[in-house]
Amino acid sequence: MTTADRTWRPLGISCLALAAAAAWIASDYAVGTVTAMGPGFIPLVVAAFLFLMGVLILVARGNDVAAEDADEGEDPATEPPALAPFGAIRPIGAILASIVAFGLAIKPLGLALTTFLVVLIGVYANRSARLVPALLLALGLSAGACLLFVTLLSLQIGLFPRFE
Amino acid sequence: MFDQSLLAGLALGFQVAVDPTNILFCFLGCLIGTLIGVLPGLGPTATIAILLPMTSALSPVAGLITLAGIYYGAQYGGSTTSILLRLPGEASSVVTVLDGHAMTRRGRGGAALAIAAWGSFFAGTVGTLFIALFAPLLAVLVLKFGAAEYFVLMALGLVASVVLAQGSVLRALAMIAIGLLFGLVGTDANSGQYRFTFGSYELLNGLPFVPLVVGLFGIADILIALEQARDAEASQAGKIGSLWPTREETKRAAPAVARGTLIGLFLGLLPGGGALMSSFVAYSVEKRVSDKEGTFGKGDPAGVAAPESANNAGAQTSFLPLLTLGLPSNAVMALMTGAMLIHGIVPGPRIMTNQPNLFWGLIASMWIGNLMLLVINLPLVGIWVQMLKIRYSVLYPIILVVSLVGIYSVDYSTFDVFLTAAFGLLGYGMNKWKCEPAPLVLAFVLGPMMEQYFRRAMLVARGDLAIFVERPISLTLLLITAALLAGIAAPHVRSFRRKAFAE
């Protein structure tokens, strides 16, 4: 059996870490008895279950996935590396930045400017983005969003910056 | 007497469903569903997640009608691109490519589209009747359920969705554990203790549902698509030809439609089933039953009719466990549960008695929706093919803006927006580590209910776990759960999973 899958190690360790953290936090809550359970009872059970799964994933060493892949006749050689560090940074960075920008800007700047900013940042997640089409798209979507959400659906969102 | 209540129910349903507002939203849902069905890379799960907040402004009936329309509408749209472009718009239309596109190459694309549409319509009609017939029966049975039965039923739902879904069982179980953990965040209903809130005021009511699903499905999808630099090339559509199947084609397709519908009806009911598995199983069964002369894969109308009828029937009947048991059987149904909870409706057997408008209205709207889809799809097929020219580089900023405004509009909370970014990142990581988001969302929805039922059952039984085996219904459900778990290791289940998802 091939072990083309290399994600089992970080996944299993993450499960263990998350389970341990959850159990540690939950240890502050009253456990109670089985008849009258306290708020800490179920969290400990769930954490133990997650811990067990983490152990099993580490024990299986990726064979749980490799077996499925082999069944489906996938060529293990075409398996992409577990984490392609550089191909992904740009989209992740730009998309997450645009979401955070939305959160920061929507209250002070209003929908029109915020949408413009979000689209402008978001477009650069794409490797082949160019400035002029990006500006046009941002402008168009900004106008579209204001029309759709505020005029048609009448959401309670301010359109323009508030100067107070 | 039973028949009368059924007729009265359906009459009430149609009365609700033909209300101009509801008709409009049913139409909108079907339209959006067809659109995303046509567009590859944008599936019903992500779309329903993104549009979920928008529907909270509507009445519960209109909101659910819209979301349901998106789900079954996507099954129609997905077949169009499969047949004409050899490009399955939806996972559930993957097998339709084989014979559908072969028919297009022979100049019978129009006939294939018509067979798919009429087959889906037939399946949708039967599915609607099936729900109307069996939902009242099931709901009566469920009223006998106590806390123990509910707990075991939900555990069964979770386990079954793992066994029957795609991918590694271990990882799906781990995702269930994480989903349950997420479900625990917030104030404990019994003691008032804050759990896993990290001193945050916003988390006292628990993790919000909409940022979770939009992050895991919508944002994560965008990240993955951009990393792979996926940009659907404008492909050349095959000639559509006459929309009327010949007599031989009809004769070949009709029994396949009936068999596909039957398979879809039952597979749709299973947790983890629904449209996707129905179409795969229906194709392989049809191939075994009617591929006498080796015509499958070369443009056999039966190879189009069976999976397309099955995926539509499956899409319909997967609503049955939700409406009667309150048990979401797949990710889309988990989203529907979320939509109901946003409106303050608890899914389950009491919907039918407490909210007959909602229950029967939704069922009747499904039949009307299927009728609309026939109109939307066949004459307008040319327009849908044009939609494929939209490039992903334009599409994803639109998705991004709609998602963000939608999340923000639920509570006007920027905290929800930041959470979405975090869950988007989590969804991306899960994809890299080959973990499916659906079990996590299912567990997140069911977890808090399961905890309540479990604690109540223990209270009633004075901490004696034997309550779960002493009550007959609970014991039966427990045995089914155990059998499913045991089946994971058994070779024939493995091969069934393999066959169902082989492509």
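**Chain A meets chain B**

Trainee: How many residues from each chain are in the contact?
Mentor: Chain A puts in 71 residues and chain B puts in 59 residues. Keep in mind that this is a predicted model.

Trainee: OK. What area is buried between chain A and chain B?
Mentor: About 5700 Å². Carbon and sulfur atoms give 77% of that.

Trainee: And which residues of chain A lose the most area to chain B?
Mentor: Thr35(A), Pro39(A) and Ile99(A). Together they make up 10% of what the chain A side buries.

Trainee: How many salt bridges are there between chain A and chain B?
Mentor: The count is zero.

Trainee: Then how many residue pairs are in polar contact across the interface?
Mentor: Seven, with both residues of each pair at pLDDT 80 or more.

Trainee: Which helices of chain A supply the side that touches chain B?
Mentor: α1 (8–26), α2 (41–60), α3 (63–71), α4 (85–123) and α5 (131–152) each supply at least two residues. The largest share comes from α4(A), with 20 residues.

Trainee: Let's zoom in. Where does Thr7(A) lie?
Mentor: In the segment before α1 of chain A.

Trainee: Is Thr7(A) buried or exposed?
Mentor: Buried. Its relative accessibility is 1%, and the cut-off for buried is under 20%, so Thr7(A) counts as buried.

Trainee: What does the side chain of Thr7(A) make a polar contact with?
Mentor: With the side chain of Arg171(B), at 2.9 Å.

**Chain A by itself**

Trainee: New topic. How many helices and strands does chain A have?
Mentor: Five helices and zero strands. From the N terminus on, the order is α-α-α-α-α.

Trainee: How much of chain A counts as buried?
Mentor: 42% of its 164 residues.

Trainee: What about the accessible surface of chain A?
Mentor: About 8600 Å². Carbon and sulfur atoms account for 72% of that surface.

Trainee: Last one. What share of the contacts in chain A comes from residues 24 or more positions apart?
Mentor: 63%, taken among contacts with a separation of 6 or more.

Definitions and conventions: Residues numbered from 1 in each chain as written. Chains lettered and ligands numbered in written order. Predicted model: local features only at pLDDT ≥ 70, side-chain atom pairs only at ≥ 80, totals over all residues. Heavy atoms only, no water. Contact = heavy atoms within 4.5 Å. Buried area = accessible area lost by both parts, 1.4 Å probe. Salt bridge = Lys/Arg side-chain N within 4 Å of Asp/Glu carboxyl O. Polar contact = N/O pair within 3.5 Å; in protein donor to acceptor, adjacent residues only side chain to side chain. Helix = DSSP H or I, 4+ residues; strand = E, 2+ residues; numbered from the N terminus. Buried < 20%, exposed > 50% of the residue type's maximum accessible area, 1.4 Å probe, protein only. Areas by Shrake-Rupley, 256 points an atom, 1.4 Å probe, with all protein chains shown as cover.
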